[in-house]
Amino acid sequence: MDVLSSPLAGSLLVAVTWLVLAAAGLITAGNAAFARRVAFPLGALAGVALAAFGLQAVWLPAQTLTLPLGLPDLPFHLRVDPLAGFFLMLLGSVSAGISVYAAGYFREEASGRLALISLQYHVFLASMAFVLLADDAYLFMVAWETMALSSYFLVITDHQQPAIRKAGFLYLLIAHLGAIAILLCFGVLHGGRGDYTFNALRAAELTPLWATVAFALAFFGFGAKAGMIPLHAWLPEAHPAAPSPVSALMSGVMIKTAIYGMVRVIYDLIGSVRWEWGMVVLVVGAGTMLFGVLYALMQHDLKRLLAYHSVENIGIILLGLGMSMVFIGFGHPAAGALGLIAGLYHTLNHAVFKGLLFLGAGSILHSTGLRNLNDMGGLIRVMPRTAFYFLIGALAISALPPLNGFVSEWLTFQTALQTPLLQNGVVRSLLPLFAATLALAGALTAMCFVKVYGIAFLGRPREPAHGTPTPRSGDAGRMERYGMAWLAAGCFLLGLFPTSFLLMLNRVAVSLTGGGLSEEALSGSGWVWLAPAAAEQASYSPLIFFVVIVAVTLLAFFLVRRFYHGRVRFADPWDCGFPRQTSRMQDTADAFGQSIRHVFGPLYRMDRSLPGPDDAAPSYALKIEDRHWYWLYLPVARAAEFVSSKIALLQQGRISIYLLYSFITLIALLVFVR
Amino acid sequence: MNYGPGIAFQILQSVFVVLAAPLLVGWVNQCRAWLQNRSAPSILLPYFTLAKLFHKDAVMAHDASPLFRATPYILFGCMWLAAGIVPVLATDLPFAPAADIIALVGVFALARVFSALAAMDIGTSFGGLGARREMLIGFLAEPAMLMTLFTAAFISGSTQLTTIVDTLAHREFAIYPSLAFAAVAFLMVLLAENARIPIDNPTTHLELTMLHEAMILEYSARHLALIEWAVAIKLFAYMTIGFALFVPWGIAEAGDWSALPLAIGALVAKLALAGAGLALIETLLAKLRLFLAPEFLSTAFLLAVLGMLTHFLVRG
């Protein structure tokens with residue numbers, strides 16, 4: 001009974017429930033109502049349960065379980081420790097909101113298709129849970145590949161469109177490049193003893209060189225899944241291609257399993273973290289962050305834009321982790337723990353607000369059929385509830401207090417401010433510069449979301465000629481709204497009560513690095529005050545902040561009403577007295593990015609055609625492409641084609657030649673094996 | 001711990017800042033008029049303008065959303081909050097630990113995002129133009145601002161503005177070369193963030209050059225009054241942040257009522273000088289082309305970085 005009520009058994013049960021729901025959808029394939037009314041809501045409930053089990057696991061010692069499944073003599077090992085518990089909580093709580101939303105979102109899907117989506121969706125969820133539960137490389141890789149495949153099939157749900165098939169293929173390709181690197185990394189870690197349990201990998205003694213090789217492989221492999229540059233190319237293609245709840249799940253949760261893998265391998269399995277690795281992570285993280293946000297600013301497809309922001313946020317998470325590795329490498333576990341906490345906090349925050357934003361984008365798509373920002377406008381009047389939830393997500397991702405994005409950026413800044421501890425002068429002066437890039441990225445994100453919100457929800461409908469955004473079905477449906485409300489509440493919860501999450505993450509940090517925040521930081525200042533180092537060094541109290549800002553705003557309102565009046569007259573917009581205004585004179589998404597193109601021009605590959613002064617029908621075209629395609633992906637693709645065409649010479653298509661190859665191989669082997 | 005006097009001081013200070021802020025704007029305008037050989041308006045003119053605006057009926061576009069109507073109050077609330085965090089007359093304010101300098105930058109960013117959103121709400125061409133330019137200046141200024149604040153934070157070992165002031169004003173007297181760089185950077189950021197020449201011209205309605213004004217074109221009456229007032233508080237807050245970081249002398253400790261006259265005297269003197277200096281800058285310089293703003297603000301950023309590196313090199 002004790003085992004059954006444990007978080008490990010509970011999590012396993014949830015994963016199995018998801019698998020059962022997946023299969024049950026197939027049995028009742030003719031009945032779309034089953035998926036909508038039973039599978040997705042039950043999946044959401046299971047998610048809530050998983051979040052509770054994960055939360056419990058953070059506070060308990062690690063538990064292990066061996067399942068007699070898998071290959072003979074190679075059973076599955078399961079383990080739940082605080083790190084896995086934290087990520088299980090993330091998976092459960094965020095997927096709960098998304099599943100509820102999915103129940104409403106797929107209301108118009110045909111039965112057969114919906115059964116298939118439900119199958120892939122729940123297998124996807126279960127495989128992510130198994131990635132987090134795995135305690136040996138074998139189960140980990142099986143779950144990892146299941147996750148990649150199930151999400152691949154979800155991405156190509158609309159496989160009739162060639163662009164989507166192409167996006168799916170790119171995703172599968174890079175996912176497998178990453179998987180190979182991860183496999184090799186486990187190979188390096190295990191050092192030839194034939195035991196692939198994580199315990200054995202942990203115990204292995206590596207020379208610094210081999211440890212660095214393992215780090216590089218893990219960073220590459222998991223980075224490919226996370227979407228860090230230059231391996232990000234699949235992300236802005238694949239995430240928008242999927243149905244919106246799946247985009248939310250991929251951007252919100254799946255890329256976080258890559259962060260989990262990175263932390264698990266680097267902090268736990270390799271163990272001895274070196275500061276040089278931290279610098280690599282920092283440089284790649286800062287590059288990823290700036291690249292992501294600068295390309296997001298250039299997008300006018302809402303879901304693509306959000307996908308680029310996922311790239312950016314992975315960069316922010318990597319900054320936190322990188323700083324943590326630098327501090328741990330120099331022997332400052334408390335500051336290292338703070339960086340790790342900042343990174344993991346942002347992981348959770350990003351899951352919540354990016355999930356929310358993708359769901360909002362889904363509701364817009366559902367109601368108006370639009371994904372292109374340049375066709376939207378004034379949606380706040382027809383979809384006020386969606387507009388409200390989307391605003392919360394937009395403010396959260398822009399790292400504005402008192403919502404959750406700000407808390408994790410604040411913690412990252414505080415980590416950077418611990419830099420006087422470091423002995424190395426160069427590194428000491430570099431860390432604050434990384435913090436400055438974070439500030440830049442934060443402000444650029446705010447700009448980008450002013451653009452998104454201002455163009456989609458505010459203003460007036462653009463282009464009334466071709467298809468105004470008059471929603472076919474009004475505001476988002478009930479289930480869709482519940483899903484968004486759940487995640488929006490998460491933005492507030494994580495933003496206003498950070499101390500409880502800080503304590504939780506401190507447990508995770510202690511279990512991984514052995515060092516945590518100081519006692520004073522954890523208990524001295526009470527639950528209202530967030531003070532990671534010491535109260536007089538830095539503190540932030542979002543709750544008081546929020547209460548005061550609401551209070552003074554309301555006070556201002558009532559004072560104005562009390563002493564003056566609330567009279568309003570309505571008229572046409574003034575606009576400096578400009579007489580003829582049309583809705584086409586508003587900024588478009590591309591117009592909004594113009595100043596960015598001007599300032600950061602060399603970073604983009606731009607193809608622009610401007611109308612001449614005498615054109616009768618002036619037209620303007622702008623195409624922005626990712627430079628990585630041209631200096632990295634296309635050369636690699638050409639090289640791969642060249643090599644395979646050379647190798648193809650071996651393939652003569654005649655059986656006698658193939659027999660000759662076998663013969664030569666056998667002879668060669670006989671030389672080696674006496 | 002007895003919070004009583006501290007809280008009284010806190011409320012007193014934030015009300016003082018809110019009420020005194022238009023006076024500073026009046027003073028700057030007066031100085032500028034003198035410097036430009038014009039006859040100066042009364043120093044109280046901003047108050048009269050506010051009173052006039054509050055009495056008028058608001059005119060609003062037909063399809064203004066609730067966000068448009070709420071934004072003036074949110075802006076005012078944000079600035080009021082900022083007025084409560086910055087140690088203007090005294091340090092050790094009980095509310096100050098709720099938000100350190102990073103959160104303070106966050107408050108200003110929050111206000112900026114809301115004003116840019118409200119600008120886009122009506123759907124006019126100028127609104128979008130203003131929002132776009134304001135956010136451009138915002139993302140250029142924010143890293144420079146944080147670097148400046150980090151330099152001060154490294155010197156005092158804290159991001160708490162009150163602690164920084166305590167360290168710099170009460171404990172030891174020393175001249176920090178790093179702060180000299182930071183001060184110049186801060187001044188440049190102050191000009192940009194407060195829509196002053198050379199980045200923006202607060203007196204222009206020339207549509208092609210305006211930034212801040214373009215955003216608030218659609219506002220009238222009490223909403224406009226609240227925004228103008230919030231802008232005044234923001235200038236006041238920025239100046240007092242500058243005083244707190246670079247010339248903190250004369251500030252009183254919480255509950256120390258006897259030091260209050262001195263603190264007020266010091267503050268008035270500093271503000272008078274800073275306001276005159278601002279007017280001088282605005283008279284001597286011309287507005288920069290919009291796309292020179294990145295150069296201006298990246299200079300500010302580099303100066304701030306130099307300040308920080310100087311701190312690490314010479315430990316001071």
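Here is a short chat about a predicted model with chains A and B.

Reader: What should I know about the model and its numbering?

Author: It's predicted, so local features need pLDDT of at least 70 and side-chain atom pairs count only at pLDDT 80 or more, while totals for chains, interfaces and linings use all residues. Residues are numbered from 1 along each chain as its sequence is written, and chains are lettered from A and ligands numbered from 1 in the order in which they are written.

Reader: What makes chain A agree with a compact globule?

Author: The radius of gyration is taken over C-alpha atoms, and the globule rule is 2.2 Å times the number of residues to the power 0.38. For 674 residues that gives a value near 26 Å, and chain A has 26 Å, so the two agree. Its C-alpha trace spans about 95 × 70 × 60 Å along the principal axes.

Reader: What is chain A built from, in helices and strands?

Author: Chain A has 25 helices and 5 strands. Those are DSSP runs numbered from the N terminus: helices are H or I with at least four residues, strands are E with at least two.

Reader: How many residues of α4(B) are buried?

Author: 21 of its 21 residues are buried. Buried means 20 or more other C-beta atoms, placed from the backbone, within 10 Å of a residue's own; exposed means 12 or fewer, and partly exposed is in between. In chain A, 56% of the 674 residues count as buried.

Reader: How do you know what span to expect for α4(B)?

Author: The expected span is 1.5 Å times one less than the number of residues. With 21 residues, α4(B) reaches 30 Å from first C-alpha to last, close to the 30 Å expected. Just after α4(B), Gly123(B) takes a positive phi of about 85 degrees.

Reader: Which residues count towards the contact between the chains?

Author: Two residues are in contact if their C-beta atoms, placed from the backbone, lie within 7 Å. The contact takes 68 residues from chain B and 67 from chain A. On the chain B side, α5(B) gives the largest share, 16 residues.

Reader: Why are β3 of chain A and β1(B) called paired?

Author: Two strands pair if DSSP finds at least two bridges between them. Here 4 bridges join β3 (residues 568-571) of chain A to β1(B), so they pair, and they run parallel. One bridge partners Arg569(A) with Val59(B).
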